[in-house]
Amino acid sequence: MNKNRMLAASAPNSSRLARNLRLLKENPRLFLQRLTTWFKPMRKVYRQRWNSGMRRWLRWYITQLQTSKVSWMGVKAQKMVLDCWVYQQIIHDTRPEVIIEIGNAEGGSTKFLANMLDIVGNGQVIAVDIDHSSFKGQHPRTSLVTGDSLSPETLARVGDLTHGRKGLVIHDGDHSREHVLADLRAYSNFVAVGSYLIVEDTVHDLFRAGDGLGRVNGPLSAVEQFLKEDKRFRVDSECEFFLMTYNPCGYLKRLA
Ligand SMILES: C[S@@+](CC[C@H](N)C(=O)[O-])C[C@H]1O[C@@H](n2cnc3c(N)ncnc32)[C@H](O)[C@@H]1O
């Protein structure tokens, strides 16, 4: 172990001031080296990149990055990758027997979910989309249900495939308030107690309409109405621990 590490390790619980004073006494040269980093400006390119606020960063991520760069195992995914990490933790903690994903597009997110189930060793993805013509996320754990998420045929097929198994539902389909609300009402019974009904893209309701991202009456507005009607669910804001998410107030935990 080098001397610096030893100094840090020997006083893990002392205050930062006490640690720095100790370092000053025991290794003034290193102390001065460290002090200079407080006055040296951050390298210009990173200063410019990282000075943007979260709102600006999110706009850049959605408009520039997500569409062109974000994929899972070679298949495009319209996802905030930090949310995917949260999904991984939810899957690990709740062990869903079935994940219903409403809205699959090319299927990067669907494949991601199937791969997470591979890792925990159990479960199936039911992938619902009105149009699977561009879908490339095929996986042995995934069953496609093609149709409007609200059509009686789709709902009957999803019911047959879930067959009373412990469900997690992720909504990323039609994002208009009325459709999301109707989907939440229709799919909430598939969610197991202790599991989640995740509503994607509530973030758009937080932006100003007309700025390229904002919308009036999007998914968040549907969530607010749904929570007034269905007291079995509450927002689990713990799932927003990264702060950055596409789903503010969109992680709904089923309590009863
Ligand atoms: C935002 S994309 C899904 C993106 C995907 N989950 C991902 O992360 O890559 C929305 C999808 O919802 C589907 N969709 C729109 N309206 C729908 C409806 N009424 N029923 C089922 N799917 C619908 C669209 O065809 C589209 O593929």
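How do the residues of the shell around the ligand divide into nonpolar, polar and charged? In this predicted model, five of them are nonpolar, seven are polar and six are charged. The ligand has 18 residues around it, and those that come nearest are G103, A105, S109, S149 and D174. Two elements give two or more residues each to this shell, namely helix α7, which spans 108–120, and strand β4, which spans 124–129.

Attention may now turn to the chain as a whole. The domain assignment divides the chain into domain 1, covering 3–60, and domain 2, covering 63–254. Between the C-alpha centres of domain 1 and domain 2 there is a separation of 40 Å. Where the two meet, four residues of domain 1 are in contact with six residues of domain 2. On the side of domain 1 that touches domain 2, three residues are nonpolar and one is charged, while no polar residue is found there.

Is Q89 buried or exposed? A count of the other C-beta atoms within 10 Å of Q89 gives 12. A residue counts as exposed when that number is 12 or fewer, so Q89 is exposed. Q89 can also be placed relative to M116, which stands 27 residues apart from Q89 along the chain. The C-alpha atoms of Q89 and M116 are separated by 9.8 Å.

Methods:
Residues are numbered from 1 along each chain as its sequence is written. This is a predicted model: local features need pLDDT of at least 70, side-chain atom pairs count only at pLDDT 80 or more; totals for chains, interfaces and linings use all residues. A residue is near a molecule or strand if its C-beta atom, placed from the backbone, lies within 6 Å of it. Helices (H or I, at least four residues) and strands (E, at least two) are DSSP runs, numbered from the N terminus. Ala, Val, Leu, Ile, Met, Phe, Trp, Tyr, Cys and Pro count as nonpolar, Asp, Glu, Lys and Arg as charged, and the others, Gly among them, as polar. A residue is buried if 20 or more other C-beta atoms lie within 10 Å of its own, exposed if 12 or fewer, and partly exposed in between; C-beta atoms are placed from the backbone. Domain bounds come from an automatic or database domain assignment. Two residues are in contact if their C-beta atoms, placed from the backbone, lie within 7 Å.
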